[in-house]
Amino acid sequence: MEMQARAARFLTALAQAVSARSLYAREHPAVERAVRAAHGELVGLQSQEPHPVLTFLGGEVLLGSRPLRTLRTWEWGPKLAEVGVQRFECHGPVTRPDLDAFVEVLFQRLSSPEVGPVEPDPASAIRFGAVGIRSAVEDTTDADIDWIRYSLAEEIAAMRWLDGEARAGGRLHLVEVETIVRSLAVAMHADWEMMIPLVELKGFDQYTTTHSLNIAVLAMALGEFLEIESTDVRRLGVAGLLHDIGKTRVSKELLVKPGTLEPRELAEIRRHPVEGARMLIARQANLDLAATVAYEHHIRHDGGGYPKRRFTRACHPASDLVHLCDVYDALRTHRPYRKAWSQDRTLAYLEQGLGTEFEPVLGKAFLEMMRRWGPKLRRVTAREDAVGPGEPDRTVEQG
């Protein structure tokens, strides 16, 4: 917590330095005092974290992947992001001249954005810019979606750890869940604009962990397309990430069993929405929406699907939204018993099911998003040796 407090003090002092520069010349004593104070706070932060990374995303400020709660409504975050400073990193000890030059860059960008970007000394220990992930284009036979290699192995490993913890003792670590969702949100805003990174591990089937990451990304993407508030978009991400948590109550042997399931096996698989909702409710945290989505995400718009209910009623809109994302990702994934469907075929299936399987208003929005944001879709890979084998998601084809 002390490191978060230091980071908050540094950012507050940095904003004060930029404000002073907007009032006085660069050499004015008031500016020098403000820069000196900000540098002192940064030195203190670097004494605990030599290479701090600060990200300004959707009204939130992140230190690493954790939010600075004391700066939840910090007005400078959106300002910095708007002028291309979505991330601030220190690649070594920052000197006073380094910080002075950075303050000048911020002043120039904020006061005269039309003159174009002003860059600091390349030798500076400070690095800043738009959020991005290192990538390298890779050849692919899938003509529907670009294939780009991203380093998302940490998010995949973290999700597998969460699944393992839930399977071993029913433990659900909410801080890690929120961290994964924020990290995915950062990845979605790479290279100056929003994109939709969908994880696929080459050589493996569709695994529960991979699928959950994709549903979180798709749910947040649709939330942004619908212009929902950023905090609610993140809640959708959490609900999407946890929608299949009930599968940790299903035996691994059954989840990985090839071929057609017997009726009793299918019945066990179909218990995962109820089990997931129970797990999330028992967590006694702010997971009401996630619990609702976990329970309802296999219920059709016309009342079909599962679990069966005594009285038909409309599902929560978040459940309808996740249901769309769930089916889309499942159909677009290679399976041992069929190839992945093409983008056009998948969207045609969703369109055909509007009003019956899928809620029509959200369904039309999802289709419009996919057709308008098609170029934003990215296939994301992680090294196969970074993630062990998992369980195939078999709830669409067999249930």
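Modeller: At 71% relative accessibility, Glu-227 counts as exposed. This is a predicted model, in which local features need pLDDT of at least 70 and side-chain atom pairs count only at pLDDT 80 or more, while totals for chains, interfaces and linings use all residues. Residues are numbered from 1 along each chain as its sequence is written, and side-chain values use heavy atoms, with hydrogens and water left out.

Biologist: Why is Glu-227 called exposed?

Modeller: Exposed means over 50% relative accessible area, buried under 20%, and partly exposed in between (1.4 Å probe, protein chains only). Glu-227 has 71%, and is therefore exposed. Glu-227 lies in the loop between α7 (208-225) and α8 (230-242); helices (H or I, at least four residues) and strands (E, at least two) are DSSP runs, numbered from the N terminus.

Biologist: Why is Glu-265 called buried?

Modeller: Its relative accessible area is 9%, so Glu-265 counts as buried. Glu-265 belongs to helix α10 (residues 263-269).

Biologist: Which residues are in contact with Glu-265, leaving aside its neighbours within four places in sequence?

Modeller: They are Leu-254 and Lys-257, where contact means heavy atoms within 4.5 Å.

Biologist: What makes β1 and β4 a pair?

Modeller: Two strands pair if DSSP finds at least two bridges between them. Strands β1 (residues 53-57) and β4 (residues 87-90) have 3 bridges, in the antiparallel sense. Thr-55 has Arg-87 in β4 as its bridge partner, and Arg-87 has Gly-129 in β5 as a bridge partner.
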